[in-house]
Amino acid sequence: MTDGKADAEALVPKFKFERLLNQDQAGRRSALYGSIDGQPALVILERAPFPSSADYLGAITANLRALKNLGANDIYHWYLANSGEIRGAAADNHEFADLKINLIWPCTEKHIRKYSKQGARFVTETPEIYRNHVRPYMQAQREAGRLNWAFNIIEGRSEVEDVIYRTPYGQDPEEGFLLLPDLNWDRRTLEALHLLGLVERRDIWSLRDLRKKHLPWLRHMKAKFLDATTTVYPTIEADQLKLYVHYQPTYYHFHIHIVHVALEAGATQATGKAVGLDSIISQLETMQGDGEEAGMDAVTLCYTLGEASDLWVDVFEPLKRKNGTASRSP
């Protein structure tokens, strides 16, 4: 048994790479074709979970190689880095980075709750709950200055170097926009492309504010986002992109996610979080009553919340205790 194990372990170092067959899971798994001792061989590389030992986690940030900052905005920073020993001239080359790092510093208690392990709840937000509870919550978040960072980007006062595409600010306040890389994209792997489209107009907080009268605007913005993305990345075609919005969004200024269709759906694209832009347009087109004012504030929406989130703690958990109908376990 020992000899068999040793023989098996001796095979991998003998692999002679010829070509990359495929990458999936946003580049975290690669299928390589080559040979071992003259015979064809496949090697599938996949990133293992991070060790949970305190020794490893306590040392990793001090031993990173080729740390390269990709961008920063206020307390948010993101990087590429090498986590292990790389021999030769490539040792300090960020092109060989195998880690994408996000840093929030100084972080708040709200950040700690967001990123801590927590239970999840599936909630039902009726038009009444939205009007009486969620809309006031949104307004309070906006009035607390939570959107100043976004307005600084839109107005060109910060992150100018990170903007991938923008229309001249103020030239067309209704259809002006800019594109930013999502902080979870490494800015290199096109099949993992994830952009944020921030609009200039400030009267739309979330998909709840969309009405039939916004249909021409939504169609125009869809076309503009697709055209801008394919212009910046000409190897990508429009039918290789999908557009969606989040509900609940992380922040209450309307923005659209533009992602490559090959980007495997994680939590941010899951049902109960992501709502396709085309689905919103179709739903608005078929709405009855109230004429051009018929809108998404009149529909019931279902989505997931973490048990440590403010919306769960302050809105839906109290409603559940009161009438037992505001949520159910996923």
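How many cavities of 30 Å³ or more does a search of the whole structure find? The search turns up 1. A cavity here is a set of points, on a 1 Å grid over the protein atoms alone, where a 1.4 Å probe fits but cannot get out; a pocket is an open set with protein on both sides within 12 Å along at least five of seven lines, and lining residues have an atom within 4 Å of a point.

A word on the source: this is a predicted model, where local features need pLDDT of at least 70 and side-chain atom pairs count only at pLDDT 80 or more, while totals for chains, interfaces and linings use all residues. Residues are numbered from 1 along each chain as its sequence is written, and side-chain values use heavy atoms, with hydrogens and water left out.

Volumes are the space filled by probe spheres set on the points, with grid points joined across faces, edges and corners. Around the largest cavity you'll find W205, S206, V245, H246, P249, H253, F254 and H255. The second largest pocket has a lining that includes F50, Y56, L57, Y79 and T61, and α2 (54-60) and β6 (99-104) each supply at least two of its residues. Helices (H or I, at least four residues) and strands (E, at least two) are DSSP runs, numbered from the N terminus.

**Helix α4**

Now for α4, residues 127-143: its 17 residues should span 24 Å at 1.5 Å a residue, and the end C-alpha atoms sit 22 Å apart, which agrees. That expected span is 1.5 Å times one less than the number of residues. There's a bend of about 40° at V134, with a proline, P136, following within four residues; the bend is the angle between axes fitted to the seven residues ending there and the seven starting there. V134 is also among the buried residues of α4, as are Y130, Y137 and M138 (buried means under 20% relative accessible area, with a 1.4 Å probe and protein chains only). The buried set packs against α3 (109-115), β7 (120-125) and α8 (310-323), with contact meaning heavy atoms within 4.5 Å. Just after the helix, G145 takes a positive phi of about 80°.

**Helix α6**

What about α6, residues 215-232? Its 18 residues reach 26 Å from first C-alpha to last, close to the 26 Å expected. Buried residues of α6 include W217, M221 and F225, and the partners of its buried residues include β9 (177-181), β10 (194-199) and α7 (277-285).

Terms used. Buried means under 20% relative accessible area, exposed over 50%, partly exposed in between (1.4 Å probe, protein chains only).
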